[in-house]
Amino acid sequence: MANLGAMAQNGAVLVAHGVSRRYGEGDAAVDALLDVDVSIEGGKLTAVMGPSGSGKSTLMHILAGLDRPTAGTVEIDGTDITKLDDDDLTRLRRDHIGFVFQFFNLLPMLDARENIELPLAIAGRQAEPSWFDQVIEQTHLGDRLTHRPSELSGGQQQRVAIARALMSKPTVLFADEPTGNLDSAASTEILELIRRSVDEGGQTVVMVTHDPYAAAVADRVLFLEDGRLVRELVAPNADDIIGAMKELTAR
Amino acid sequence: MIRFALRGLFTRKLRSVLTAFAIVLGVALVSGTYVLTDSITRAFDSIFQNVYRGTDATIIGRNAIDTNASNAGGGASTPSFDQGLLARVRALPDVKAAIGGVSGEPHLVKNGKAIAFGGAPNLGFSVDPKYPQFSSLKLSRGAWPGPNELVVDTGTASKKSIHVGDTIGVQALGPVKQMRVSGLVKFGSAGSLGGATLAGFDIQTAQALFDKRGKLDDIRVAAHPGVSPQRLVSQIKPILPRDTQVRTGAQQAKKSANATNSFLTFFKTFLLAFAGIALFVGSFVIANSLSITIAQRTREFATLRTLGANRRQILRSVLVEALVVGFLAAVAGLFVGFLLAKGLFSLFDSVGFTLPNSGIVFKSRTAVVAILVGVLVTVAASLRPAVRATRVQPIDAVREGATIPETSTPRRRLIRSAGLTLLGFAALVYGLFAPGLGTGGVLGWMGVGALMIFVGVALLSARWVPSLAQVLGWPAVRIGGAVGRIARENARRNPQRTASTASALMIGLALVTLVAILAAGIISNFKGAVDTLFKGDYVVTAQNNFSLLPRVVGKTVQQTPGLATSASVRGGDAKIFGHVDQLTGVDPTIGQTLALKWKEGSSAVLTSLGQDGAFTDDGYAKKHHLHVGSPVSFETPTGDTLHVVIRGVFKPPAGGSPFGPITVSSALFDRSYQQPQNLFTFINMRGGESAANQAALEQTLKGFPNAKVQNRQKFIDNQISGLKSTLNVLYVLLALSIIVSLFGIVNTLVLSVFERTREIGMLRAVGMTRRQTRRMIRYESVVTALIGTVTGIGLGIVLGALLAARVKNINFTIPVASLIAFIVAAIIVGLLAAIFPARRAARLRPLEALSYE
């Protein structure tokens with residue numbers, strides 16, 4: 001298992017080493033992650049899968065610096081983020097990390113354009129007009145920029161969220177069940193959009209999902225079970241993934 | 001980020017407006033107070049400038065003691081002096097013209113009734129048409145007065161339909177005299193002067209009327225052109241007798257305005273104190289509303305954090321929001337306050353208290369202070385919630401139902417809030433009981449103490465909210481069944497929120513209760529004092545219950561058929577042991593109408609005071625180590641020093657006595673005061689209280705419209721009526737803070753309904769009707785209001801007991817009827833507060849509510 005991560009060390013932008021996460025103490029302690037090594041390759045779409053409670057969300061939270069591991073290290077672009085204080089972590093999120101959430105997490109009082117520009121506004125930077133146009137072009141939001149989230153469909157809202165995440169050209173974009181709250185048409189659209197950002201923009205994406213069809217667009221799928229990394233598939237199709245999942249749940 | 005904060009504000013319009021309202025009222029009170037007092041000040045300044053028009057110097061009598069320092073019974077005016085001075089002044093080389101005048105307080109009587117407008121004074125003075133340059137009056141109809149004639153201001157004339165040629169009664173120190181109205185006058189540009197009645201007489205008539213024959217109250221001097229007022233004054237000075245003084249006209253105008261200005265300063269401080277209370281309550285409402293909104297926006301803040309916002313940015317965004325709300329609220333408050341002041345002026349106008357030159361004065365200071373106060377209070381109140389918002393973790397963006405972590409344990413919080421409360425009580429007790437603190441010190445310590453107690457109890461009260469809600473919600477459960485039970489549990493489930501909401505109301509109710517307790521204490525003591533002391537049947541006082549009556553009233557009463565005995569109490573200022581205090585003088589018959597308890601000496605003292613005897617009360621005796629035989633000397637306003645010997649020490653009841661610290665015989669009193677006047681005349685009638693006796697007394701006093709005959713009960717009622725009006729004013733001012741807390745409840749309920757949208761949808765889906773939904777919110781509101789009320793009343797009782805222990809004239813009494821009224825009022829407040837939130841809750845459609853995210 002341990003050398004799964006090492007295999008792809010070449011060109012890795014995110015490397016986790018021996019990551020464990022324990023919640024609670026004493027008898028009530030639960031190990032959400034146990035000694036996980038992961039390496040995320042730049043310019044690739046990596047999916048993390050696993051049954052409920054397998055620790056896939058915890059892994060993503062730790063990789064993104066939202067949660068701290070009880071043991072192990074996480075390096076993004078050569079910095080061990082587990083040692084950073086709140087200010088440095090904030091700066092890291094600002095400069096290196098993008099998020100796409102299951103429930104979109106758009107700010108209801110801002111319109112689409114303002115939501116998209118928000119991370120840059122927070123950082124006190126101006127949007128590069130050409131990059132902005134390119135992102136809007138990619139996400140097909142040209143005619144929706146003045147709409148508030150409440151005036152947009154779920155798929156449109158998620159496209160705004162992806163545009164928002166892409167604006168700061170993050171080192172890694174984390175997508176947490178990005179299609180979990182969408183119908184199948186919108187899901188397909190979002191997955192295509194994410195895929196394109198990788199293929200055309202060279203974006204590194206880590207996506208947590210429990211949907212095999214979503215995971216099928218990934219370059220690589222990592223499987224977690226009971227807090228351990230148990231399997232990896234490279235460029236699988238949906239059937240491969242369903243098969244792997246069945247094996248996991250059958251065991 | 002700032003744009004984000006502002007956008008949030010405007011998206012949550014309703015919430016922002018409700019929050020802002022808490023500040024608007026307080027700021028309105030601040031700005032209204034300033035506008036009102038500034039305008040009144042300017043009005044009075046212009047009055048006095050008008051009065052001293054054309055006057056380069058004034059000569060007035062000189063009081064041997066500064067009577068302005070004491071408010072003990074009238075006589076703040078300066079003594080009159082011999083009119084011979086006028087001729088000597090006129091003879092001075094630099095004097096172009098000089099005029100002597102007398103003044104007094106004449107009651108104009110029409111159809112047997114004294115004319116009075118509210119509490120406005122009745123001003124009377126001599127006028128001399130030969131010297132129009134000094135006159136602030138303009139003749140608008142008829143002629144200037146000759147002997148036994150008068151001119152009246154047009155305002156009074158038109159209100160009471162007095163016409164030139166009419167004969168009306170005038171009463172000052174003697175019985176009513178009939179005089180002819182020779183003309184009508186205007187004061188300055190306005191018809192009247194703040195509702196006062198103005199009456200002008202020729203000099204001899206005025207001197208006779210005010211019992212100042214051969215005397216003058218003032219001399220006004222105009223200098224030749226080119227002579228400075230200072231030079232004029234220095235020329236007059238050498239010829240002045242000892243009992244007079246000279247000032248320039250401008251100095252005198254300023255001096256005269258000072259008296260009203262010092263009252264206005266007090267009035268301003270008083271109103272600002274209540275504005276402060278309203279703002280303090282408002283800060284609770286703001287802090288609470290903000291912490292609720294922030295809790296509801298946890299995910300929003302967490303998302304911002306994941307997008308790279310740091311803690312300072314979050315803090316700033318909340319504070320900017322508060323800043324904007326505070327600023328807008330303050331501006332609105334400023335405007336409302338302006339309207340408030342304007343409205344009050346119209347109100348004054350409609351009750352006859354017309355102010356001359358009544359332009360509204362709006363100083364830039366008013367705007368600066370009002371806006372600063374509004375913004376500062378709002379921002380200060382938002383600090384705690386803002387710091388809480390910075391504790392939101394980025395990971396909360398992906399967590400369902402994330403809450404903001406507390407930084408300290410419940411135990412630590414308990415210790416902190418209990419400590420704050422105790423510290424507050426310590427400060428309060430120190431302020432009350434520590435010796436040697438000045439008034440400012442006492443009030444300062446008490447204020448700080450009360451503030452800390454209120455904050456401390458507000459923090460502590462979250463602990464007893466669940467049990468209190470359990471008990472107070474019992475009727476709701478009984479009446480409302482399941483709906484009542486849900487309402488009660490809603491009030492209990494977030495104790496901190498319910499406690500904070502209720503605390504705003506608690507402050508108002510604690511203060512209202514305190515005021516009610518103090519008033520009840522004073523009233524019951526006063527009743528007790530009258531019952532212990534007063535053996536007579538009737539008392540004669542001035543119509544307003546506190547002014548002095550001319551001595552002749554007491555003499556006239558004695559002619560009443562059926563009178564057994566009567567005794568008057570004189571009152572005046574005197575300087576005793578270095579302080580200006582009230583000196584009282586009594587007739588020898590006083591012992592037949594009053595029963596005093598003697599500590600030293602006996603009631604025989606009263607009949608044998610003579611020309612050198614005096615008595616005092618035990619408190620004053622203790623303070624100055626006085627015993628029977630101790631010599632006491634004091635100075636009267638005329639400059640006489642009197643030496644008396646203490647003959648007795650009496651023990652007054654807790655409610656006080658009609659006497660000043662030192663009492664002498666009326667014979668001695670009359671010898672040492674220019675115009676001795678009575679505070680009270682106590683009367684015993686044969687046959688006691690009866691309609692016939694009352695009528696007989698009133699018949700005797702018909703010529704004195706300002707004298708009022710009262711039996712024992714009426715006397716008590718009248719004496720406490722002033723206190724009751726004060727009480728009502730306090731209630732009205734405190735009601736403002738209660739209105740602010742009402743908005744606090746509305747705000748919390750609206751936010752809670754918003755937060756429980758899903759839950760309410762579920763309840764509606766399982767069959768709760770709209771009516772039941774409304775009722776559920778209503779019950780919760782009433783339970784919250786009752787929690788605040790019960791806590792407030794409890795705290796008010798504790799504070800009242802502490803204060804009663806300190807102030808000797810207050811007997812600690814719990815005014816049960818008032819407290820019940822407060823509880824009823826609180827229930828009404830709860831019901832009112834629920835109207836809007838309940839309607840919103842009932843409007844939610846089950847399906848939409850369930851799909852709400």
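Chain B contains 26 helices and 26 strands. The model is predicted. Along the principal axes, the C-alpha atoms of chain B fill a box of roughly 95 × 65 × 50 Å. The chain has 853 residues, and 50% of them are buried.

One helix pair in chain B was examined in detail. Two packed helices are described by the angle between their axes and the distance between the axes. Here the pair is helix α16 of chain B, residues 495-533, and helix α22 of chain B, residues 712-755. Their axes lie 9 Å apart and meet at an angle of about 180°. Angles over 145 degrees count as roughly antiparallel. α16(B) and α22(B) are therefore roughly antiparallel to each other. The contact of α16(B) with α22(B) comprises 22 nonpolar residues, seven polar residues and three charged residues.

The two chains also touch. On the side of chain B, 20 residues take part, and they are in contact with 21 residues of chain A. Three elements of chain B give two or more residues each to this side: α1 (2-11), α8 (298-306) and α9 (311-350). Of the elements, α8(B) gives the most, with five residues. By class, the side of chain B that touches chain A holds nine nonpolar, seven polar and four charged residues.

Chain A contains an open sheet of four strands. Strands of a sheet pair through backbone hydrogen bonds, either parallel or antiparallel. In this sheet the pairing is antiparallel, and the strand order is β2-β1-β4-β5 (chain A). The edges are formed by β2 (30-41) and β5 (79-80) of chain A. Each has a single partner strand, so one side of each is left without a neighbour in the sheet.

As one example, R21(A) has L33(A) in β2(A) as its bridge partner. A helix also packs on the sheet: α2 of chain A, residues 56-63. Helix α2(A) touches β1, β2 and β4 (71-76) of chain A. The direction of α2(A) makes about 125° with that of β1(A).

Notes:
Residues are numbered from 1 along each chain as its sequence is written. Chains are lettered from A and ligands numbered from 1 in the order in which they are written. This is a predicted model: local features need pLDDT of at least 70, side-chain atom pairs count only at pLDDT 80 or more; totals for chains, interfaces and linings use all residues. Axes are lines fitted to C-alpha atoms, for helices over the stretch in contact, and angles run from 0 to 180 degrees between N-to-C directions. Angles under 35 degrees count as roughly parallel, over 145 as roughly antiparallel, 65 to 115 as roughly perpendicular and the rest as oblique. Ala, Val, Leu, Ile, Met, Phe, Trp, Tyr, Cys and Pro count as nonpolar, Asp, Glu, Lys and Arg as charged, and the others, Gly among them, as polar. A residue is buried if 20 or more other C-beta atoms lie within 10 Å of its own, exposed if 12 or fewer, and partly exposed in between; C-beta atoms are placed from the backbone. Two strands pair if DSSP finds at least two bridges between them. Two residues are in contact if their C-beta atoms, placed from the backbone, lie within 7 Å.
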